Amino acid sequence: MSHKQQLIDQVIEAWRALQQQTPLVQCITNSVANNYVANILLAAGASPAMIDNPFEAEDFTKISSALSINVGTPTTEQTQAMLISAKTAHQQQVPWVLDPVGYGPVLKWRSETVEQLLRFKPTIIRGNASEISTLAGSQSQSKGVDSTLNSHDVYAQAKNLLQHSECIAISGESDYIISKQFDAIIQVNGGCYLQPKITATGCALGALTAAYHAVSTASIAALTSHIHFAIAGKLAYEHAQTVGSFNVAFLDYVHMLDDNLIQQYVDIKIV
């Protein structure tokens, strides 16, 4: 069996495990994303909980199967909750995903928060090319929180971040998964150009990655979540080419994905 087919089999196994286990995922995400992220996780088969205040963070992280932290619209209290939950996840060995939205020299407070969060060793760091590039120590021009870089240009320098994390996932026209487990970089193709036109698709991808990490290794979790989104985006676009209709179709296909669709439409390349 080829290395690629072995990976696909592990992806299918992770998808099945998610359906069987319905993991509880604590999401500390941004204010524009809460509802969408929760709906995506429910559609995929996970159980979301948007607990993001410092008074409940520690207790809730302890009972969670995974934690997703997205620094998109941080408030003072939410930032406190992020640090408490990340520390608790690290101590309790709860897998957790960091999405460093808007990291860079312009927004210093959030960037300092991201640097503090890195101390608690996120199991997966997930972001767009600009965020990952800047976090990896190379200055890049980012337009707000949208990426101005191609994911392909970034994966070499992203390896720096493996000192903080088991796995780095870079999303873009193609996604790249870089990890300690794989002795290679995995490129995930698929998806649709309309996905970035919908608020919170990136945030939801981070949360779905956390959900998969509750039932599989960091690397397989990142690979499976990105394949899940790539196939759902591709199939949704075949049925709906306008943003609003695509959004509904995308949610439908996130829900309807199964092992047959994965086997049929998966498009990965070992770089």
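1. Let's start at Met 50, which sits in the loop between β2 (47–49) and α3 (57–63). Helices and strands here are DSSP runs numbered from the N terminus (H or I, at least four residues, for helices; E, at least two, for strands). A word on the source: this is a predicted model, where local features need pLDDT of at least 70 and side-chain atom pairs count only at pLDDT 80 or more, while totals for chains, interfaces and linings use all residues. Residues are numbered from 1 along each chain as its sequence is written, and side-chain values use heavy atoms, with hydrogens and water left out.

2. Met 50 is partly exposed, at a relative accessible area of 27%. For the cut-offs, buried is under 20% relative accessible area, exposed is over 50%, and partly exposed lies in between (1.4 Å probe, protein chains only). Not counting residues up to four places away in sequence, Met 50 touches Cys 27, Thr 29, Asn 34, Val 37 and Ala 38; contact means heavy atoms within 4.5 Å.

3. UniProt, in an unreviewed entry, lists Met 50 and Ala 200 under "binding site". They span 151 residues in sequence, yet no two of their C-alpha atoms are more than 14.5 Å apart, so they gather at one spot. Bear in mind that UniProt positions are given in the numbering used here, that feature names are shortened, and that annotations may be inferred rather than shown by experiment.

4. Ala 200 is in the loop between β8 and α8 (201–213). Ala 200 is buried, with a relative accessible area of 8%. Leaving aside neighbours within four places in sequence, Ala 200 is in contact with Val 32, Ala 33 and Tyr 36.

5. Next, Gln 78, which is in helix α4. Gln 78 is buried, at 6% relative accessible area. Its side chain reaches the backbone oxygen of Thr 29 at 2.6 Å. Contacts of Gln 78, neighbours within four places in sequence aside, are Ile 28, Thr 29, Asp 52 and Thr 73.

6. Now β8 (residues 185–188), which is covered on both faces: Ile 185 and Gln 187 are buried on one side, Ile 186 and Val 188 on the other. Strand β7 (residues 175–179) runs antiparallel to β8, joined by 4 bridges, and a hairpin of 5 residues connects β7 to β8. Two strands pair if DSSP finds at least two bridges between them. Asp 175 stands opposite Val 188 in β8. Strand β9 (residues 268–270) is also antiparallel to β8, with 3 bridges, and there Gln 187 stands opposite Lys 269.

7. On to the packing. The largest nonpolar core has 63 residues, of which Ile 177, Leu 223, Phe 250 and Ile 268 touch the most other members. Helix α9 (residues 218–239) gives the largest share of this core, 12 residues. Apart from it lies another core of 33 residues, among them Ile 69, Met 82, Ala 158 and Ile 185. A nonpolar core is a set of buried Ala, Val, Leu, Ile, Met, Phe, Trp, Tyr and Cys residues joined through side-chain atoms within 4.5 Å.

8. Finally, helix α5 (residues 108–118), where Arg 110, Ser 111, Thr 113, Val 114, Leu 117 and Leu 118 are buried. They cover an arc of only 155 degrees around the axis, which puts them on the same side of α5; the arc is that of the directions from the helix axis to the C-beta atoms. The buried residues of α5 pack against β3 (66–70), α4 (76–92), β4 (96–99), β5 (124–128) and α6 (129–135).

Methods:
A polar contact is a pair of N or O atoms within 3.5 Å; within protein, one must be able to donate a hydrogen and the other to accept it, and residues adjacent in sequence count only if both atoms are side-chain atoms.
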